[in-house]
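Reader: I am new to this structure. Please take me closely through one part, the packing of a pair of helices.

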Amino acid sequence: MGTDPSRTLKIYEDVASASCRDVLDDDFVAWAQEQMKKAEEAVAGEPPVYSYNVRMTAFSFDYIRLERLRRGKALDFTGGTRSCASANTGGTRSCASGRAGARPSREEEMQTLAQSLLARMDEAKDIRLSSGNVKDRHAATVRAWKAVAASCDPPVGGTRSCASAPPPFGTLPESSLHIAKEGEWADYRDDPTARDGRAIRISNVHYGWCVTFHMDNVKFRPGHTYTLRARVRVEKKPGASGKAFWAGVYSNAMRKGCGQITVKTDALHDDGYVWYTVATWKPGREEYFWIGVGQFDKKVGAAVESVWVDEILIEEKE
Ligand SMILES: [Ca+2]
């Protein structure tokens, strides 16, 4: 295991960040989850409080695993650890031999974890995922987990029964994206026209980068070129015209953009979803996707009612 004993885990550290993996790497988390399974078996037949204690101890490790999955982990373009069920783009990538079928798909694992964690929160009644200065994170994370848990018919212990085919490898649903000022700038909504029935609705009160996806957990092939696309629809405002939305990929390390688009209302034929290529770039460190309603004059207001994001798709260019 590659955990660094000299690094201290801080209380507000984001478990899905690259820096947190220096302290608690993926192998350690998998090992700890395995120990918890053994502990659960070991206390079978004991008073209920024993298994309760195991379930609650396991919560932390399952939480880390789910957050890393939800926010992009297992998007591995280097070929080593991708699960078979996710590697379904056009048949050009073969599954690693010996692993096929043995592991649940990324989506199935996320859904099972989300359902299990939410059930434990109901059981314990006093679990908080953040406190104090990041109070919004608790509610936002729970809402995102509920979206993951409900993404198909409930399959805990059973077979997943999605009506539609799994999305292409590299797809990240709206529940993987981060919302700033959730409830004010944007929120998660049901949307029958979204591929999976859910989307993020960005309201028209703020044109900053309301919704982001940090790519710390995506494993890119060094030196290769990738595209990031977003499936977006715009709810027009009658009689208004101007910038509908803008989106891009930004590098915190380089302090510059890696690609950006601005879409104007004139270019929109209707209110339906459209795939937009946001950026084509060679990934580096500390990069993230962002999207917001198009810039507007505060006196005049936005040119649209809202902007909806169904999912994003990261693909390696041949
Ligand atoms: Ca969606």
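Author: First, a term: pLDDT is the predictor's confidence in each residue, from 0 to 100. The protein has a mean pLDDT of 83, and 83% of its residues reach 70 or more. Over residues 81-102 the pLDDT is below 50. This stretch still has 26 contacts in the model beyond near neighbours in sequence; a contact means C-beta atoms, placed from the backbone, within 7 Å. Where pLDDT is low, the predicted coordinates should not be read in detail.

This is a predicted model: local features need pLDDT of at least 70, side-chain atom pairs count only at pLDDT 80 or more, and totals for chains, interfaces and linings use all residues. Numbering starts from 1 along each chain as its sequence is written.

Now the pair. Helix 3 spans residues 48-70, and helix 4 spans residues 106-124. Helices are DSSP runs (H or I, at least four residues), numbered from the N terminus. The two pack at an angle of about 140°, with axes 9 Å apart. Axes are lines fitted to C-alpha atoms over the stretch in contact, and angles run from 0 to 180 degrees between N-to-C directions. Helix 3 and helix 4 are therefore oblique to each other. Oblique is what remains after under 35 degrees (roughly parallel), over 145 (roughly antiparallel) and 65 to 115 (roughly perpendicular).

Which residues meet? From helix 3 they include R55, M56, F59 and L69. Helix 4 brings, among them, R106, M110, L113 and A124. The contact residues divide into 10 nonpolar, 1 polar and 7 charged. Here Ala, Val, Leu, Ile, Met, Phe, Trp, Tyr, Cys and Pro count as nonpolar, Asp, Glu, Lys and Arg as charged, and the others, Gly among them, as polar.

Notes: Two residues are in contact if their C-beta atoms, placed from the backbone, lie within 7 Å.
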